[in-house]
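Thank you for sending this model for comment.

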Amino acid sequence: MTQQSVATADKLDAAVLKVAGVVVLGAIMSILDVTVVSVALPTFQSEFDASYARVAWTMTAYTLALATVIPLSGWAADRFGTKRLYMVALALFTIGSGLCATADTIGELIGYRVLQGLGGGMLMPLGMTIMTRAAGPHRIGRLMAVLGIPMLLGPIGGPILGGWLIDTASWHWIFLINLPIGVVALIYAQMALPKDAPEPSESFDFVGMLMLSPGLALFLYGVSSLPEAGTFTEAKVWAPMLVGGALVVAFVLYSFKPRHPLLDLRLFRNRSLTIASLTLFVFIIAFMGAGLLFPSYFLQVRGETTLAAGLLLAPQGIGAMITMPIAGTLADRVPIGRTVPFALGLIVVGFFSFTQVDPQTSYWLLGGSLFVMGLGMGGTMMPIMTSALRTLQAQEVARGSTLVNILQQIGGSVGAAVMSVILTNELNGSRPIPGLVDESGKPITEAGLAIASQQRPELLQQMPVDPSIIERGLDFAAKSFATTFWVAFALVVLTFVPAALLPRRRRPAQLDDPQGELVKTPVVIH
């Protein structure tokens with residue numbers, strides 16, 4: 001075959017691009033939905049009269065649902081066919097989006113977000129499978145470049161789109177916008193995707209799933225109930241934490257017995273996988289947990305509109321967009337033990353500014369800090385995930401990818417729950433204003449009134465108070481955010497410990513097929 005014909009064979013032809021269009025539509029919906037909702041959390045607080053720890057469950061429940069279906073999608077795709085399952089996932093996500101817009105209580109919204117997550121969690125791994133089959137393994141690099149578009153644009157476009165929809169319409173539209181996209185994607189998928197050819201698949205570990213998912217949900221629910229209860233002795237705190245912890249421990253012990261466990265923890269015998277996974281897990285807890293608080297600081301302490309908050313977050317996505325492709329190229333040439341610590345250093349430098357925030361911190365400083373953090377994030381996540389997989393044997397790659405992706409989703413859930421609990425607990429320490437109570441009879445605190453007045457200035461006319469009280473409340477709220485950012489900052493610094501053990505010398509990749517050709521495995525990022 002001539003060099004020209006090889007180049008032509010490597011190009012993405014019209015048939016492959018038609019399939020890629022379906023997958024990109026699904027990816028845009030699922031990825032944007034994570035970042036769009038991040039700017040809506042303060043709106044949910046005021047709409048549903050709920051604490052930050054409570055509304056953070058709209059994110060926690062979604063990511064837990066993602067983690068639940070990631071291992072299920074591979075088995076179900078073989079059992080029922082990728083096209084059929086992909087269309088079911090699209091339908092679930094679209095229906096869940098419509099139901100979210102009808103929610104009257106925070107409990108309903110959290111429940112509908114679970115349904116959304118069950119659909120969204122299958123869209124990316126199924127999309128990767130569909131595109132790999134359509135194009136062949138020799139064109140996966142080009143396919144990842146196509147899928148990289150929504151991955152890169154999500155952190156930038158999501159907060160801006162969410163802010164614009166909330167400001168110009170209402171919070172309902174951050175979910176309603178998915179309905180026409182979902183309908184178009186379903187019609188497109190029916191027309192463009194190849195016909196299914198289901199085949200028998202290996203057994204699925206339903207027992208493991210019934211232990212891990214409820215165990216994590218119960219444990220995190222107990223943790224998130226702490227600010228409202230005020231003590232660990234309350235039954236609604238320790239009981240779910242105890243039951244959830246027991247289920248997780250039972251899952252770990254059980255997972256070594258089945259031939260095809262939900263998570264193959266035996267892979268942790270591979271030192272490189274263990275170190276990379278631990279580094280990624282600690283980093284995700286810190287970075288994703290704190291990432292939810294950035295828009296809340298701009299909204300609640302600085303009194304910005306949701307659109308302005310989304311725009312203020314854009315430098316972080318721009319920074320990641322710059323370094324992510326560079327880091328992907330370097331990952332094949334330079335050991336990540338030499339690049340990831342440098343990227344983590346950028347995150348630490350940028351993050352420090354947020355531990356010093358007050359009600360007047362310069363936006364230029366915060367914007368520059370977010371940009372530097374974005375540069376570091378783009379050079380951290382993909383190289384670590386690549387390192388986790390590249391030393392595995394070919395037959396271990398699918399299980400390793402599932403393990404790493406589920407750890408990522410669990411880390412995001414833990415981070416969202418823990419950081420929201422710390423912030424809520426700090427804000428609860430604000431001084432009550434004598435004589436002022438809310439509709440439920442609870443005392444209104446200085447920080448609570450200051451935050452509420454930033455979004456609804458008319459409150460100060462309804463309940464006239466000394467301006468110094470509002471000033472003290474904003475100072476207290478800013479310090480509460482700063483304290484929470486200190487915890488996240490300490491966790492990012494802690495990430496240097498496992499990162500120091502990442503490989504600093506080039507090692508031969510183990511992802512080889514019997515003919516010696518490198519097998520590249522797509523990695524799912526939400």
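1. A contact is taken here to mean heavy atoms within 4.5 Å. On that basis, residues 24 or more positions apart account for 80% of the contacts in the protein chain that have a separation of 6 or more. The model is predicted, so that local features need pLDDT of at least 70 and side-chain atom pairs count only at pLDDT 80 or more, whereas totals for chains, interfaces and linings use all residues. Residues are numbered from 1 along each chain as its sequence is written, and side-chain values use heavy atoms, with hydrogens and water left out.

2. The protein chain contains 24 helices and two strands, these being DSSP runs numbered from the N terminus (H or I of at least four residues for helices, E of at least two for strands). Of its 526 residues, 54% count as buried, where buried means under 20% relative accessible area, exposed means over 50% and partly exposed lies in between, with a 1.4 Å probe and protein chains only.

3. Helix H6 (residues 82-100) and helix H10 (residues 178-192) have axes that come within 9 Å and cross at roughly 165 degrees; axes are lines fitted to C-alpha atoms, for helices over the stretch in contact, and angles run from 0 to 180 degrees between N-to-C directions. H6 and H10 are therefore roughly antiparallel to each other, a label for angles over 145 degrees, with under 35 counted as roughly parallel, 65 to 115 as roughly perpendicular and the rest as oblique. From H6 the contact draws on Lys-83, Met-87, Leu-90, Ala-91, Phe-93, Thr-94, Ser-97 and Gly-98, and from H10 on Asn-178, Leu-179, Gly-182, Ala-185, Leu-186, Ala-189 and Gln-190. By class these are eight nonpolar, six polar and one charged residues, with Ala, Val, Leu, Ile, Met, Phe, Trp, Tyr, Cys and Pro taken as nonpolar, Asp, Glu, Lys and Arg as charged, and the others, Gly among them, as polar.

4. Helix H17 (residues 336-352) packs with helix H18 (residues 363-378) at an angle of about 160 degrees, with the axes 7 Å apart, which makes H17 roughly antiparallel to H18. The residues in contact are Ala-343, Leu-346, Ile-347, Gly-350 and Phe-351 of H17, together with Ser-369, Val-372, Met-373, Leu-375, Gly-376 and Met-377 of H18. They divide into eight nonpolar, three polar and no charged.

5. Aromatic pairs number 19, under a rule by which rings of Phe, Tyr and Trp (its six-membered ring) pair if their centres lie within 6.5 Å, planes under 30 degrees apart being stacked, over 60 edge-to-face and the rest tilted. Trp-57 and Tyr-221 form an edge-to-face pair, 6.4 Å centre to centre with 65 degrees between the planes. This pair joins helix H5 (residues 57-80), which holds Trp-57, to helix H11 (residues 206-224), which holds Tyr-221, across 164 residues. Trp-57 is buried at a relative accessible area of 9%, while Tyr-221 is partly exposed at 38%. Trp-171 and Phe-175 form another edge-to-face pair, at 6.3 Å and 85 degrees, and both of these residues are buried.

6. Which residue has a phi near 50 degrees? That residue is Asp-49, where the value is positive although the residue is not glycine. Most residues other than glycine have a negative phi. Asp-49 lies in the loop between helix H3 (41-48) and helix H4 (52-55), and Asp-49 is exposed, with a relative accessible area of 64%.
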